[in-house]
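User: I'd like to go through some of the labels used for this model and see what backs them up. Can we start with what the words mean?

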Amino acid sequence: CADKFLEEQPRGEVTSEFYYRNDSEALAAVYGIYGMVFFYNGLLRQDMYLRPEASSDLFTYKPGAAFNARSFPQYFVDSENPLLLEMWSSAYDAIGRCNAVIGNLSKDHPGISEDIKAKLIGEALFFRALMNYYLVQIWGNVPLVVEEKTDLGELNVEQADPADVWQQIIEDAVAAVAALPEKSEYDNIQRARASKGAARLLLAKSYMALGNWNAADEQIDQIIGSAEYGLEATIVDVFKVANENGLESILEGNYSEGFTPRKHNSSMSFWLPREGFLGNSTYSPNDYALAMYNPNSARYKYYFSGKGVMVSPYGEAITTIEKRVYLMKFYDFEHRGGFAPTNNDNPFNNKVFRYADVLLMKAEVENELRGPTPVAHNMLNQIRGRAGEEPVEGITDKGAFREIVFTERAMELIGENHRYFDLKRRGKEYFLDKVRQSRPDEIKDHQFLLPIPEADLRVNPLLEQNPGY
Amino acid sequence: ATKSQTVTLKVKKQPLPEVLASIKAQTGYLILYNDRYVNPQMLVSIDVNNQRLETVLDQLLSPRQLTYYIKDQTIAIRRPKTTSAQITRPMPVPEVQQPEVSGTVTDESGQPLEGVTVAVKNSRVATITDSNGNYRIPISKDGTTLVFTIVGFDAQEHRMGTRRVFDLRLKASLSDLDEVVVVGYGTTRKSDLTGSIASVKSEDLNIGMVQSADIGLRGKVAGVQVTQISGQPGAGTTIRIRGTNSIQGNNEPLYVVDGIPLSGGNNAEGLATGIDASTSGLTHISPSDIESIEILKDASATAIYGARGASGVVLITTKRGKEGASNVNFNVYTGMQQLDKKVELTSPEEWAIMWNEAAEYLNLPTRYDVNNLPARTDWQNEIYRKAPIQNYELMFSGGNEKMRYMLSSGYMDQKGIVVNSSFKRYSFRLNLDRKVSDRLNIGANFSVVGTNSNVAESANENATDAVGATLLASPTLSVKENGEYILYVDMDNKNPNPVSKLREYVNKDIRSRLLGNIFGELDIIPGLKAKVSFSMDVSNGKANFYAPKSTTVGKLNEGLARVGVVNTVYWNSTNTLTYTKEINDIHRLTVMGGVTWEKSVGESLSSTASGFVTDLLTFNNLGSATNLSTASGNPNMFSIHSYIGRANYSLLDRYLLTFTGRIDGSSRFGAENKYAVFPSLALGWRLSEEPFFQPLKATVNNLKLRVSHGVTGEQAIPSFRSLSSLTSSVIILGEDANAVGFYQTRLPNPNLKWERTRQTDLGIDVGFWNNRLSLVVDVYKKKTTDLLFAIDIPRTSGFQSALQNIGSIENKGLEVGVSAQLLSGKFSWDMTINNSFNRNKLLALSSGIQEIYNPTGGIISGDTKSQPTLLRVGMPLGILYGYVFDGAILDEAEAATIKQSRSAPGELKVKDIDGDGAITVADKTIIGNANPKYTGGWTNNFSYKGFGLMVLTHWSVGNNIYSLQHVMNTFMDRGYNMAKDFYLNRWTAENPNNHTPRSGHDARNYVDNSWHVFNGSFFRIKNITLSYDIPVNTLDIKFLRGLRAYLSADNVHTFTKYPGYNPEGSAFGNNSLAQGVDIGVYPNAKVFMLGLNVTF
């Protein structure tokens, strides 16, 4: 009886032995992946969405910003940077959750229907591929974890060859494409979940990074041919709350108003100015980026002016001040019903993948395979046209067209976490060259890869730091 | 006649006075009694052979409800009072008409002393005082000397002259070996102690402003370091008994109040709503209710508390009623508190000069016209105030042979020196004892306490808290503009206005606690006693927070409200059997065994809401908010089932042995390790009682050697940690705004078990000249193995850390305590002084790891990137780790030679420790140690006639403080206010130097550097109290028995080089990894107060 007296009956928690019994428990385990990807310290809620973008050639920083945040655009990141660790650990935390779902659902569970099981496994495979896609490009030499860890004694994993990581990404994405439903096959309420289109897009991006243009082209054509997606009519419509998870959307981080429990979009605060918007204004677009645009285009006006409400970042008492330009594209004034200070309460979704990206990818792949064909021009000009920019006509040089597409990608997708990876897949030299063109703080060659976080190096003797750190 | 302490008697139905006379003849003892109680009609029979005197007396007197005292060859027999009529009846007047002296004998507090032997010196004439302390004794002639003696008090002799009325106040003896000391699950004579136990009595505890008993312990006991980390009214202290022996546990001792372990200590109290309200469990006990505090230090004393004893045990005994007259005591004090010292920061002009320097250097947009500043604000003046304190206590006590009671109530109202902070306590207590029959006693203790605090936000590692932000606010900004609080108080960061927070926030912490205990004691057969006790500890906490829209947070959220409740119910059933046996006056044996069950169940609930139309409702109507978070429950439970045992054996009163053991089972540990055994053994040798020692006894009246060894444990980890766990989170997925996700948050660890601490203690107790001078010295060594720690695991596993048993820690130390009665007589001077040395060392970490950097639970300040914590084998816990500050880069020539992130003239320079030419993490090293070399206290009591002067000091020497506040106060690029010494010494282009960096230097890559490490040594005059006992006998007010007035100053002065508010301040409370880190800590107040204590 004493033993019973001492038995723990956890309350408010579920122990893992009693899980995966029915469809709704299996679904909740998959939702747990979304929690780690888009919420809490999730990668695409904040860190993975902001830091690589801030490290690209398009952004600068506020001088008084917290050190850890500004060390990204300043190229100061060292292995002890806690934000770096947060990116690393939340990616692997998400992978751990994916592995738990994949591993557990692959076992025999009489309570879970086979149809649902396959789809849920597909969803987990998609997110595992997505995490690895970011990991391998940011760090290069990363451990590849494909099984759930359950034993405290067997946690150390060594770094894999990047080629093996890419191989795994492709395998996972291919399987996800096969298993996942199209966006339209989800209930309307569920359409924010990962779909076949999202998996194809990730697969295409991976092929492009590996230079496998034919395979990429095939996936992109499938997306375009699926008729699941289209462009919103105007550039303003793209970012309207009313159009979230809509026509142009392929994958979004979903947020709503509500300070707690952290349902709001926390990355917004990094773009918005302190005065008026009560933002942190940590990162702002640099002159190099702004110079790419036609300042009279609809896109420029919408992305950066934010209805013209640009306030002095220092308030009334201070007179001689230079204006900083802020990225305002994600802020839907219409939804707000005007202007309200809302540092912690932004409901706007993070755009992870949208259809404009697909069209620009098509333009690029077409150019690589067949040169600057009319198809390539057409894809590019669909985006430029909506942005209020002059169409690009009659380019014959493949290299020139490639640069035009890249610049267009930078302009259209600024702040949406693509530029850093676009530069990287062009190779180390291209990346370093671009970054050096844009910013005063000189990037050192080894900073093409970020350092492996010190915390893991210290506990896992199998890991090796990236060279130069 | 030769005096022997044994008696041989064989009588049958003899009158008691005759039997007593033959005892007197045999022993040479004087026997005093009142013939109303002892008369020839009482016939007794007894048959004893060479029995101890006390045994014989027990046998003769107990059946007749008589008791006795023995002191200095005198036996005083008396009868406990039965009715109040008898109490007031004076002693019978001797028939013979002859001169006599009469009067009243009281103790120091004016309480009448019953049973005091009053004897005429050099004669056989003697009497004893009655229940009102009155005596009447015939004397033969003028000039007779009277001798007053009673156990527990110093004997006094007084020449009467022609006086016929003589009242006397007796002083408790400084160190009486017959004193009874409370030990775990029982009591023992001090002379029989084998363990290291320090005892603090009520009168030593309640000196000065003592909001809770732990504060009263400061500087009083060797080996016990009491640190007041925050001046927040109602905030607790941290107590370290013989060092830090756990990383994960909170290292706080176990508190046991009248036999009930206070469940969970601070943990059970913490409200999960993010409100800083650390109050210790002792906050819920009115200090004046406390009779004594015993601090158990070595394993012999603590092993009986098994898995909770490793950090020491503090036993609190509350006052109980005494037989005799009803006693009423009223104590009141009132006082004024103020900030001890301000932190020295730049003036507005100095600040503007520094800002302009930085702005020019960093190409920041703003410049100031130093002669025309937008505002001049001293932010510290905006948040500190003079604050009153008042305290009232009323206590009734008394009783008779059958029933005794103590009834008390108290009210304390303390305003804090930070605006809007306050603490109120209402306390009630009833302690009852009832003798049901000769063999059965029952009793109960009940206390109800309510506290109500308004908490000032303080201590946060990024100084965004109100107290810290006040020191960062730019002096050229005004608190309000156009009637509204400004939102941010720096140039380019987002530090919210602290004044708006402190003035406008509602931040209530409301708690109530009911401690109840009923017990029964039954004498089963002679020598065998059973005790059964059942206790409950029910505590409720409520947190109410509201940030109105006039504040920054309130504006961001359109009003933000949080409420939280915590509710814990703990019960404890303790059942013991005690057997006492004496054999031939040679062997004395006490054996105690018992079994206990304990269980605690706690629940909490909290809710946050934002978006309020109006500020009027504050936290009272969360439903009116536009955003309401899902309330979260956080249940926890634990149960402990234990067997306890102790044997005390004493041979010839000289050789002492104590064995204790506890078998503890706890729900918190892995399935494989539910039970553990905690044994201890101790030996004592009273050398001074050896025959060969007798020639020395006039000088050394007491000499005892003690040695003990034993094992204790630490189980302070949260519930359910050995099990794997899935946790839920609510996510948003398109229109499905409340999808619930589940995920695993912990890896299971079925091997999780207790920390085990082995401790060896060697002690010596010496008393000189009848204890005029006494000395206690202890050396100890503690080794803690199976150290619990949430160790970092590779993040690639998907988890961040796992609680495991890793490594071991050693503490060893020396404690010296001296007490001396330097002067006695009209002018008396007593003092006690203690000093302790503790050395802490991490012996090993799991599987050969030598270091853990930035360990989980240490300081990682996100904003400043400051990470000064490290665990390193061979070093103590609490070392500070970082770069070595090497001044400033003097000029361009030097800048060219230095490879660090920023190298320019005036930039901060750190040492290249590994000499590889570059500054990397490998250049970090140990830059400080938060552990003091030694700590101690010195108390002096002077008295002259009715006046008393008490001076209490304490000190800590050799500890370092890492000041995150200083880090922030050197960050000019944020626009924070700057430390004055930085302004005075900084590098400027005109005045370059190589010791202090320039304004606007880029320190942040190397922010954890030794520039911010300070010597935290201090010597504090903690309290000076002047008291006067008004001689009530001369006032002719019948009902008044004692009247004392006192004047007290608290925190009188602190001698220290530390530039912050308080060298003891610690932002991270009892976190053993973050010792000595100061930022934004609520400062201590200097207090002046006036009090009155009246006894009726």
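Analyst: Buried means under 20% relative accessible area, exposed means over 50%, and partly exposed is in between, with a 1.4 Å probe and protein chains only. This is a predicted model, where local features need pLDDT of at least 70, side-chain atom pairs count only at pLDDT 80 or more, and totals for chains, interfaces and linings use all residues. Residues are numbered from 1 along each chain as its sequence is written, chains are lettered from A and ligands numbered from 1 in the order in which they are written, and side-chain values use heavy atoms, leaving out hydrogens and water.

User: Why is B:Arg52 called buried?

Analyst: Because its relative accessible area is 17%, and the cut-off is under 20%.

User: And what makes B:Glu582 and B:Arg52 a salt bridge?

Analyst: A salt bridge needs a side-chain nitrogen of Lys or Arg within 4 Å of a carboxyl oxygen of Asp or Glu. For B:Glu582 and B:Arg52 the N to O figure is 3.4 Å, so the pair qualifies. B:Glu582 sits in strand E31 (residues 560-583) of chain B and B:Arg52 in strand E3 (residues 43-52) of chain B, so parts 530 residues apart in sequence are tied together. Helices (H or I, at least four residues) and strands (E, at least two) are DSSP runs, numbered from the N terminus.

User: Why is B:Glu582 called partly exposed?

Analyst: Its relative accessible area is 38%, so it falls between the 20% and 50% limits.

User: How do you know that A:Arg425 forms a salt bridge with A:Glu364?

Analyst: Their closest N and O atoms are 2.7 Å apart, which is within 4 Å.

User: What makes A:Arg425 and A:Glu364 buried or exposed?

Analyst: A:Arg425 has a relative accessible area of 18% and A:Glu364 has 3%. Both values are under 20%, so both residues are buried.

User: What about B:Arg503 and B:Glu382: why is that pair a salt bridge?

Analyst: The N to O figure is 2.8 Å, so it meets the 4 Å limit. The pair ties helix H10 (residues 498-504) to helix H8 (residues 379-383) of chain B, 121 residues apart in sequence. B:Arg503, at 34%, is partly exposed, and B:Glu382, at 26%, is partly exposed too.

User: How many salt bridges are there over all chains?

Analyst: The search of the whole structure finds 76.
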